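Below is a short report on one protein model and its ligand. Look over the fold before reading on.

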Amino acid sequence: MAAQAEPVGVATGTGGAAATDGAAPPGPRDAPGAANVVLGGVGKTFRRAGRRTVALAGVDLEVRAGELVCLLGPSGCGKSTLLRIVAGALAYDQGAVTVGGRPVSGPAPDRGILFQSPMLFSWLTTRKNVLFGLKAQRSRGIHERDDPELDAEADAILATVGLSQFGDAFPHELSGGMQHRAAFARAMVTRPSLLLMDEPFGALDAFTRLRMHEFLLSMWEQYRITIIFVTHDLEEAVLLGDRVAVMGGRPPGIREVIDVPLGRPRHALDVDTEQFLAVKRSIRQALTTDRGA
Ligand code: ADP
Ligand code: MG
């Protein structure tokens, strides 16, 4: 069974000061390690057994370095397709995509990706899971045993995500939230400049989800990377995003990009405020407006 004792807080490190700063206005972030993302006229049509599915057409989007943008829309509107294209995991057939000014032509270590399932290796401890990608990247085939530098990095990131006590635990000994923290640590240990998240908290219970939102926001403050976060949950999109790209329509694409004019840091309790509800209403309107579909 999953462990019950999940640590409440996470270490905030040096960047934590930003999270206690009160009313930091939304705007350009000081994010030297973050990449911008530019999509121009991106289209993708799947062809299978003589059938064509236009999954995306004419997608234009610019995500600033250090920004957190949510892609919101109903199931089947092309959210995962778009994310996989930016990840370099799926070829597109129209338009152009750049990350940090470089055209995307395949997967690269400067882009991390997280899914609904944490996808930890069940036979490896948390520490070994976290170090897996980093070891592969650094050793490049050279046989490598205990590396003190890697161990120090593992210690640091496990502390950052609040899992210091669980480095030697196996995935089945971790709660759902802890598994997601471990997956986050594994994605971040290679220091990507862009993190792509595909409905990462969709399978978690409501309370764990709430804590993961707080966790993600505090990590984002700390690492200051660019995040593209896919969700079909309106409230989640407003709570997390600097902007929300509303997807849908026919052919499927981005219908509208809406600013979320709420201050930072944000907290789960903010969802009941009048300002929050007003943003939610405007996004719901964008989602439901029929554009000649
Ligand atoms: P979302 O993530 O918003 O639910 P997807 O991006 O997964 O949507 O899918 C968009 C559309 O593309 C859907 O109609 C889906 O059936 C289709 N699609 C996705 N992947 C494939 C594939 N590998 N082959 C054929 N069709 C696909
Ligand atoms: Mg999807």
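In what order do the four strands of the open sheet lie? The order is β2-β1-β4-β5, and the pairing is antiparallel. Two strands count as paired if DSSP finds at least two bridges between them. The edges are β2 (51-63) and β5 (102-103), each of which pairs on one side only.

This is a predicted model: local features need pLDDT of at least 70, side-chain atom pairs count only at pLDDT 80 or more, and totals for chains, interfaces and linings use all residues. Residues are numbered from 1 along each chain as its sequence is written, while chains are lettered from A and ligands numbered from 1 in the order in which they are written.

**The sheet**

| Strand pair | Sense | Bridges | Facing residues |
|---|---|---|---|
| β1 and β2 | antiparallel | nine | K44 and L56 |
| β1 and β4 | antiparallel | five | G43 and Q94 |
| β4 and β5 | antiparallel | two | T98 and P103 |

Strand β1 covers residues 37-48, and β4 covers residues 94-99. The hairpin of β1 and β2 has two residues between the strands. There, A49 takes a positive phi near 50°. In a regular strand the side chains alternate between the two faces of the sheet.

**Around ligand 1**

A residue is near a molecule if its C-beta atom, placed from the backbone, lies within 6 Å of it. The shell around ligand 1 holds F46, R48, T53, A55, G73, S75, G76, C77, G78, K79, S80 and T81. β1, β2 and α2 (79-87) each give two or more residues to this shell. The largest share, three residues, comes from α2. By class, the shell divides into three nonpolar, seven polar and two charged residues. Here Ala, Val, Leu, Ile, Met, Phe, Trp, Tyr, Cys and Pro count as nonpolar, Asp, Glu, Lys and Arg as charged, and the others, Gly among them, as polar.

Helix α5 spans residues 176-188. The expected span is 1.5 Å times one less than the number of residues.

In α5, 11 of the 13 residues are buried. A residue is buried if 20 or more other C-beta atoms lie within 10 Å of its own, exposed if 12 or fewer, and partly exposed in between, with C-beta atoms placed from the backbone. Among the buried residues of α5 are H180, R181 and F184.

A nonpolar core is a set of buried Ala, Val, Leu, Ile, Met, Phe, Trp, Tyr and Cys residues joined through C-beta atoms within 7 Å. The largest such core has 74 residues. V86, A185, I228, V244 and I283 touch the most other members. The largest share of this core, six residues, comes from α5.

Contact means C-beta atoms, placed from the backbone, within 7 Å. Leaving aside neighbours within four places in sequence, V244 is in contact with C70, L72, A237, V238, I258, V260 and I283.

**A loop residue**

Q116 sits in the loop between β6 (111-114) and α3 (126-139). Is Q116 buried or partly exposed? Q116 is partly exposed, because 15 other C-beta atoms lie within 10 Å. Q116 and P200 are 84 residues apart in sequence, yet 4.0 Å apart in space, C-alpha to C-alpha.

**The whole chain**

The protein chain has eight helices and 10 strands. Helices (H or I, at least four residues) and strands (E, at least two) are DSSP runs, numbered from the N terminus. Buried residues make up 39% of its 293 residues.

Methods: Contact = placed C-beta atoms within 7 Å.
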